[in-house]
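User: I am new to reading protein models, and I would like to learn how to go through one feature by feature. Could you take me through this one slowly?

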Amino acid sequence: MSYVKPAFRHPELPRNELGYTKHDYEGGLSTLCAGCGHDSISAAIVQACFEMNIEPHKVAKMSGIGCSSKTPAYYLGHSHGFNSVHGRMPSVTTGAYLANRDLIYLGVSGDGDTASIGMGQFVHAVRRNLNMVYIVMNNGCYGLTKGQDSATADVGSVSKAGSVNPFDAIDLAGLALELGGTFVAQSFSGDKHQLVPLLKAAMHHKGFSFINVLSPCVTFNNNAGSTKSYDWVRDHMEATATIDLVPLRTEITTAYDDGAHQSVELHDGSTIVLEKLAHDWNPRDRNSAVRALHAARDEGRILTGLLYMDEDRPNLHEILHTTSEPLNKLTHVDLIPGASALEKINAGLR
Amino acid sequence: MSHTSRTNDFVVRFANVNGTGSASANLLFAKSIYRMGVPVSPKNIFPSNIQGLPTWYEVRVSEQGYLGRRDGVDLCVTVNPQSLVEDIRSVVPGGYLMYDSTKPLHEEMLREDITFLGIPMMQICTAEYQDPRQRLLFKNMVYVGALSALLNIEFGVLEQLVSEQFASKAKLIPPNIKAMQLGVDYVREHLPHPLPFGVERRDLIGDRVIIDGNSACALGAVYAGATVAAWYPITPSTSVAEAFDSYCSELRVRPDGTRNYAIVQAEDELAAIGMAIGANWNGARAFTATSGPGVSLMNEFLGLAYFAEIPVVLIDVQRVGPSTGMPTRTQQSDLTLAAYASHGDTKHPMLFPSTPTECFDLTVAAFDLADRLQTPIMVMTDLDLGMNDHLTAPFHWDDTRSLDLGKVLTAEDLDALPKYGRYLDTDGDGIPYRTIPGTHPTKGAYVARGTSRTRMGVYTEKSEDYQDNMERLTLKWTTAQSLVPAAEIHHSAVPTRDGMLYFGTTTQAAMEAADLLAAQGQPLDQCRLRAFPFGADVAAFVETHDRIFVVEQNRDGQMRQLLIAELGIDPHRLVSVLNFDGKPITADFITKSITRSVTRSTTA
């Protein structure tokens, strides 16, 4: 089936600084299950791009295979997209980024696509610090093949069919931190107020921005006993939020706040203000972020928000000393050494 | 067998231990013959190892200009006790064996029908040099010097080459020349010289150069305007990426030090091809280089690129596979793997260079074809072509040449179009128009994906849309047949209904075999394939011959299989001549195989 959304929108929809309405950032009609967490993430992407005044064609939407990887069809209809093969979105994005350093690369992946088949490519993308946003829509199961456990399913989590997952979960945010990820965040698809500013900060960051988004699977992993269900995550977050769990809320703003807020000034002068509730945590200190994540895990809490960022590590183009002009814009003159250079090479081979 | 007065026609085999610096001494020997104007063809036979195992270097000298490997070693220079028994056996009756006589040979090793030339290389070096490393390295130069006296190689040519080699380390020039002189002196005082075969100065080289195929492919990628290379180390393709890096660092760095290229050593071959595909999708020319095991890993991505219609160039330097054992030996055994790589209905154009010059030209052509056809193009070389030095025509570039970037729409093009559909076949050749991300704010965007889409680029699961797309891809394949390089066809002086078909590194040996067979009264027309899919010229060649010998370097006759499958040929008309021992094929082998086959069929 092909799906086309009705094009009609209210003529007086609000416009951003570029004159675009939110409609200009939307894509086709979603074919995911009603209530899927992924659709909320798609909506957050639309909102973030609209608010960031991004020209839609300056974004490349990258994905692998799975429910999550279908979503690029549902947002940013004026952007090019690449729905590649299972677990290989990072390499395709690396190549695309090498070809043109000026676009925003918005990669989406799932927990199967990243934590299992694509683990190798994921860790190397983190290592290389390519300038991209890497979103994992993490539901702890394989949705598109009907509900098998994934490697991010928590040990003891019960599947819809009633089986108990015997393996420890891979903590993707912890792994990204360990590998030197330069922007590591965690969020929940149901928490738009946190997710939209995180996405904006991630797109703003000039390196590898990782956001692990818990995104419940309404069809195959929303049952009692699952630790990735809406109820579990919501109940848990609510409970921990009032007692000791602390979503580390972030938003980009230019103003300082008092009290529990910590302001992080970025190199370009903009500021991220964090409502900092974990008292021993510093978003610029990787060890502190690792400790906070471990402590939360030990206590069964989900630590959300911006965990860590490092603006100083060079990104892949800086490491490779690539010219500032995108490689795909270079012409014959820049690239072809010509006949006389070839004659010299011939002479050296005699 | 008599070896009297054979000038410029012999084979010298060096038996060394790898990791002892013999490679540069051996190259020096080969290059001195080249500088004397005589055609020469060196081949390395080396283990999958860094230090300590036997390695051989065969140098064929041929006044007639035959550059394929030849059976029969006239002179074996052995400095490796490990392989000595085998090396002594390798020499033709009447031939010579040079060995390090610091220690005497066992009596049972001696052969009556060859001449042993003992030179106390280690003893000479121990007396002359103090440093153990120098003793080992200069031993190689001693035998090069000795060879110059035995084979009449001009000492001045060797001196000149050594001076060029160590131009930046001038201190090393005199001791190297001294070591060679010690070899010369020993031969003059103790051994019969010169040998009955040797080198005489000629002017048979013309403007030809000496280079390996991997460097030539890399240079081709530079001239094709490739800006992104992604690769994973694997013998024998590694030096393609390394040479690309080296040429780019000379030719593609801006005055401010920034680079007009990006090279990534990927985490594996899957990532390497993924990066190359991502870069091509985004409008840069990108490639990867690998060998058979890498092509296996790249299969899924190759299918994606075929269906999503994304250009990509893959250089496959073929070897014997898989895994351990013979990865450092040559073969042409990835043909069916590459031609039909991936799941579903897929097929991919392949190009078959036979010389480094053609590695350059066909790599450039591969990028143009990839962009024109929006599909993966495989350049099929092999270890023999890629890693050995070859005498080859100089590289040529026409400054008025423009690159064919294919059907790519600009923002202006998109504005002028009433409606854009990524997979519309506007021109009737099966090739749609593509757009590069970031081109236009509101027009031309599409999502690249796998099997099915409408012609407008919208996701679909409708059977008729899928089938329509597959039929267009078939039409595109037909277009490819007319765009790939034509075969090279030679007609025998005597009319014949017998043909010989070959490609790649089989070429030199096959052409020599054709001469030998013609002399025996067995004329053959020849067809050198340069590409898959086969064009009308190949079909016509097959059509006009009753019996065609298909010569290739694999066990299963893979090219024969492709010919039968793609051209619907009666299999009985295609007779396989197959060499698959991991060593480059020889004219002698081809001649004997064809003679045997002809005799069998005429007596049957």
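Analyst: Let us begin with burial: a residue is called buried if 20 or more other C-beta atoms lie within 10 Å of its own, exposed if 12 or fewer do, and partly exposed in between, with the C-beta atoms placed from the backbone. Helices (H or I, at least four residues) and strands (E, at least two) are DSSP runs, numbered from the N terminus. With these terms, β22(B) is mostly covered, since 5 of its 6 residues are buried. This is a predicted model, in which local features need pLDDT of at least 70 and side-chain atom pairs count only at pLDDT 80 or more, while totals for chains, interfaces and linings use all residues. Residues are numbered from 1 along each chain as its sequence is written, and chains are lettered from A and ligands numbered from 1 in the order in which they are written.

User: Which strands are joined to β22(B) by bridges?

Analyst: The general idea is that two strands pair if DSSP finds at least two bridges between them. Here β19(B) is joined to β22(B) by 4 bridges, and the two run parallel; within this pair, B:D498 stands opposite B:R547. β22(B) is also joined to strand β23 (residues 574-578) of chain B, by 5 bridges and again in parallel, and there B:I548 has B:L574 as its bridge partner.

User: How should I read a helix such as α16(B), and which of its residues are buried?

Analyst: An α-helix has 3.6 residues a turn, so residues three or four places apart point the same way. The expected span of a helix is 1.5 Å times one less than its number of residues. Helix α16 (residues 507-519) of chain B has 13 residues and reaches 18 Å from its first C-alpha to its last, close to the 18 Å expected. Its buried residues are B:T507, B:Q508, B:A509, B:A510, B:M511, B:E512, B:A513, B:A514 and B:L517. What covers them includes β19 (498-503), β20 (525-529), β22 (547-552) and α19 (587-603) of chain B. Just after the helix, B:G521 takes a positive phi of about 85°.

User: What is the order of the strands in the open sheet of 6 strands in chain B?

Analyst: The order is β3-β4-β2-β5-β6-β7, with mixed pairing. The edge strands, each of which pairs on one side only, are β3 (40-45) and β7 (115-119) of chain B. From one strand to the next the twist averages 15°, where axes are lines fitted to C-alpha atoms (for helices over the stretch in contact) and angles run from 0 to 180 degrees between N-to-C directions. Inside the sheet, strand β2 (residues 9-17) of chain B and strand β5 (residues 73-78) of chain B run parallel and are joined by 4 bridges, with B:F14 opposite B:V77.

User: Into which domains is chain B divided?

Analyst: Domain bounds come from an automatic or database domain assignment, and for chain B they give domain 1 (6-198), domain 2 (211-392), domain 3 (411-481) and domain 4 (488-603). The C-alpha centres of domain 2 and domain 3 of chain B lie 26 Å apart. Two residues are in contact if their C-beta atoms, placed from the backbone, lie within 7 Å, and the contact of these two domains takes 14 residues from domain 2 and 13 residues from domain 3.

User: How many residues does each chain give to the contact between chain A and chain B?

Analyst: Chain B gives 60 residues and chain A gives 51 residues. On the side of chain B, α9(B) gives the most, with 9 residues. By class, that side has 36 nonpolar, 15 polar and 9 charged residues, where Ala, Val, Leu, Ile, Met, Phe, Trp, Tyr, Cys and Pro count as nonpolar, Asp, Glu, Lys and Arg as charged, and the others, Gly among them, as polar. Strand β2 (residues 80-83) of chain A and β17(B) are joined by 2 bridges and run parallel, and A:F82 has B:A448 as its bridge partner.

User: Where is A:K58 placed, and what does this residue touch?

Analyst: A:K58 is in the loop between α1 (37-51) and β1 (59-63) of chain A. A:K58 is partly exposed, because 16 other C-beta atoms lie within 10 Å. Not counting residues up to four places away in sequence, A:K58 touches A:L103, A:I104 and B:G438.
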